[in-house]
Amino acid sequence: MTRETDTEKTVLVLQGGGALGSYQAGAVEELDARGHHPDWVAGISIGAINAAIIAGNPPETCVDQLRAFWTRITANTACLTPLKFNTALTVFNNISAAATMTSGAPGFFQPRIPPAPMRLPGQHGADSYYDTSELRETLLELVDFDRLNNGPTRLSIGAVNVATGNMTWFDSARETIRPEHVMASGALPPGFPAVEIEGEFYWDGGLVSNTPLKYVLDHPGDSDELCIFQIDLFNARGPVPQSVWDIESRVKDIRYSSRTRFNTEMMKRLHQQREAADRLFRKLPKELQNDPDARALLCEEDEPDIAIVHLIYRQARYEGGSKDYEFSRNSMLDRWAAGREDVMETLTHPDWENRHKSEGRIGIYDLAGDRWNRNRTAEEAK
């Protein structure tokens, strides 16, 4: 894939995944340190919150505001330091997750009192277990919405229309984004309430698709070249569970990974088919080139050269089914560090450094898995 790097636009694609989202923040810190501040960021659920903070702050304060958000919502367990072996960490994580369920996360969500099942249908608070009004205030504090809507970084976030069940995309390229749009993208039922926007109610976009990649590829704008960092929080690949305790975590990985690699490989094949159709069209006699069926095979718009970089969180051995709502400070810092390390592993990999020499319109890079394999082998050797 031959391209000039100064014409390449950087895109961040941020998957949903609750507490796992600090992995994205760590990846963004390392990407920013290496000069990859995004021109466009698209997110769903916790990815939408991270995306809003990124788009709503200048590069010099973006990481600080991400850190402020993640520090705030993990404040309840700031003083707890578990022993660093798997059994103790598993116990600690389960206790931390239970604490989140009972007391919420500061600046994010709080349990309703009385709880939703004790309220009459239609009564305020009867539609969710938690109140997310604190998140609105947090967003207003940490995000400059004037910059978000008028600044250099495009923002796209996905939510599901509750009445129609259809995916809806809110895009700063065509509409004004407010805190409600960000909250709607992360309104996962029945934990969080639906968010009303202009008379319509919306839930978490992850109910339909947990990654915005297809939206980005379908709406590339006028870009000639895109470098897409797809930062996922669930790994589609994983071991077969050996007990009922492991099943919930594996089910979440499969359900919310949105078949990341399948989708990127499918898009690559689609581009190859379009290129083949263009080449075939040029070989046709003039009289056949005007045939409507022949012209229908052509792609009418110029397609950009695309590099898609997979950065996928691989859960630690001690994490289980509660990993996406386990908001301890220790886990947040571990995931943040993992995001940074995966970016360093990827951007120093020979395949990435030689990417401009490759052929084809789409290049796909999944280069950080080696680090996780090395770490797992080292753990098993202990």
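## About the model

This is a predicted model, in which local features need pLDDT of at least 70, side-chain atom pairs count only at pLDDT 80 or more, and totals for chains, interfaces and linings use all residues. Residues are numbered from 1 along each chain as its sequence is written, and side-chain values use heavy atoms, with hydrogens and water left out.

Helix H3 spans residues 59–73 and helix H5 spans residues 133–142; their axes come within 10 Å and cross at roughly 155°. Angles over 145 degrees count as roughly antiparallel, so H3 and H5 are roughly antiparallel to each other.

Where they meet, Gln-65, Ala-68, Phe-69 and Arg-72 of H3 are in contact (heavy atoms within 4.5 Å) with Leu-135, Thr-138, Glu-141 and Leu-142 of H5. The residues of this contact divide into four nonpolar, two polar and two charged.

## A covered helix

Now look at helix H2, residues 46–55: 10 of its 10 residues are buried, meaning under 20% relative accessible area (1.4 Å probe, protein chains only). Among them are Ile-46, Gly-47, Asn-50 and Ala-55.

## Cysteines

Cys-62 counts as buried because its relative accessibility is 1%. Cys-227 is buried too, with a relative accessible area of 0%. The count of disulfides (pairs of cysteine sulfur atoms within 2.5 Å) comes to zero.

How values were computed. Buried means under 20% relative accessible area, exposed over 50%, partly exposed in between (1.4 Å probe, protein chains only). Helices (H or I, at least four residues) and strands (E, at least two) are DSSP runs, numbered from the N terminus. Axes are lines fitted to C-alpha atoms, for helices over the stretch in contact, and angles run from 0 to 180 degrees between N-to-C directions. Angles under 35 degrees count as roughly parallel, over 145 as roughly antiparallel, 65 to 115 as roughly perpendicular and the rest as oblique. Ala, Val, Leu, Ile, Met, Phe, Trp, Tyr, Cys and Pro count as nonpolar, Asp, Glu, Lys and Arg as charged, and the others, Gly among them, as polar.
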